[in-house]
Amino acid sequence: MSWMTIGDVGIGRVLESNGPFMSIYDFFPDATPEALAPHRHWLEQGALDANDFLVMPIQSYVVRTPQSTILVDACVGNHKSVKWFPAWDQQDGTSWERNLAALGLGVADIDVVLCTHLHVDHSGWNTRLVDGRWVPTFPNARYVLSQREVTQAEKNWEKYQDPVWRENVEPVIDAGQAVLVADDHEVDACVHLEPTPGHTPGHCAVHIAHRGDEAVVTGDLIHSPIQCHYPHWNFKFDADKPLAAATRGAFLERYGESTTRVLTSHFPLPSTGHIRRAGEAWHFHYDD
Ligand SMILES: [Zn+2]
């Protein structure tokens with residue numbers, strides 16, 4: 001993929017994987033055949049497979065501003081423990097690093113790592129396994145992490161032994177490379193965090209602006225283009241469902257019919273486009 005531009009800021013995609021993830025009825029407990037029927041014609045062009053599984057990429061975005069080269073989200077990574085999703089458990093792939101190299105970048109070129117939230121598919125490449133130890137993947141990066149999200153990741157370890165803390169977060173803190181920030185933190189002159197809680201308590205969208213052009217990385221405040229039509233449909237793992245739905249609705253109102261380019265994490269490729277009004281709700285128009 002070539003670089004997209006927002007003013008003089010370059011944005012590239014680093015794809016890790018792409019494929020069927022979960023039945024749409026399992027993913028969205030509110031989904032029904034009746035609600036899907038009027039949307040099947042477009043859903044079946046990439047978003048939904050023949051078994052009604054949602055097709056979802058796992059990807060990072062690289063944002064190259066005049067000041068810094070920023071990685072937004074870090075996919076699943078290699079050798080991670082993901083007991084609830086076998087395809088990711090102990091994954092050992094080369095595509096993510098190859099796709100980073102295809103942008104002309106190596107791990108040493110990343111100045112800043114941002115995670116929209118600290119789930120396993122957004123924080124995996126934060127670290128890699130070297131001689132049996134988790135070490136930061138990006139030797140020159142500062143990892144800018146939501147304090148709220150870090151606190152939650154540690155709680156999830158203590159309560160449920162969720163390994164994200166031990167594998168993806170604690171090693172970066174121990175290495176002295178983490179900076180814990182508020183959820184509206186300004187990362188540089190072109191990039192700031194936008195609090196979008198609900199999916200997780202400290203979830204942040206990443207807002208990019210330069211020379212009057214704007215873009216926003218959604219992370220998991222929205223997972224599928226069908227939620228533009230049904231903003232109240234929550235993913236079954238959204239932590240605070242009423243808050244997730246309110247955040248999603250407000251996001252669609254804020255960016256609907258705007259010139260802001262929306263860079264989604266899990267909409268089918270190319271995953272980027274604009275939110276346009278469609279009747280009472282919205283529709284996602286993909287970039288060409
Ligand atoms: Zn995700």
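**Entry 1: the whole protein**

I counted nine helices and 16 strands in the protein. I note that the model is a predicted one. I then looked up its overall dimensions: the C-alpha atoms fill a box of roughly 50 × 45 × 35 Å along the principal axes. A compact globule of 288 residues would have a radius of gyration near 19 Å, and the value of 18 Å for the protein agrees with this. Buried residues account for 47% of the 288 residues. Of the contacts between residues at least 6 apart in sequence, 65% join residues at least 24 apart.

**Entry 2: helix α9**

I next examined α9, which runs over residues 241-255 and has 15 residues. From its first C-alpha to its last it reaches 21 Å, close to the 21 Å expected at 1.5 Å a residue. Which residues of α9 are buried? I found Ala 244, Thr 247, Arg 248, Phe 251, Leu 252 and Tyr 255. These residues lie on the same side of α9, because they cover an arc of only 130° around the axis. An α-helix has 3.6 residues a turn, so residues three or four places apart point the same way. I also looked up the partners of the buried residues: they pack against α8 (226-229) and against the strands β13 (213-217), β14 (261-263), β15 (272-278) and β16 (281-286). After α9 comes Glu 257, with a positive phi near 65°.

**Entry 3: Gly 46**

I located Gly 46 in the loop between α3 (40-43) and β3 (53-64). Is Gly 46 buried or partly exposed? It counts as partly exposed, because it has 14 C-beta neighbours inside 10 Å, and a buried residue needs 20 or more. Leaving aside residues up to four places away in sequence, Gly 46 touches Val 55 and Pro 268. Gly 46 and Phe 284 are 238 residues apart in sequence, with 13 Å between their C-alpha atoms.

Note on methods:
Residues are numbered from 1 along each chain as its sequence is written. This is a predicted model: local features need pLDDT of at least 70, side-chain atom pairs count only at pLDDT 80 or more; totals for chains, interfaces and linings use all residues. Helices (H or I, at least four residues) and strands (E, at least two) are DSSP runs, numbered from the N terminus. The expected span of a helix is 1.5 Å times one less than its number of residues. A residue is buried if 20 or more other C-beta atoms lie within 10 Å of its own, exposed if 12 or fewer, and partly exposed in between; C-beta atoms are placed from the backbone. The arc is that of the directions from the helix axis to the C-beta atoms. Two residues are in contact if their C-beta atoms, placed from the backbone, lie within 7 Å. The radius of gyration is taken over C-alpha atoms; the globule rule is 2.2 Å times the number of residues to the power 0.38.
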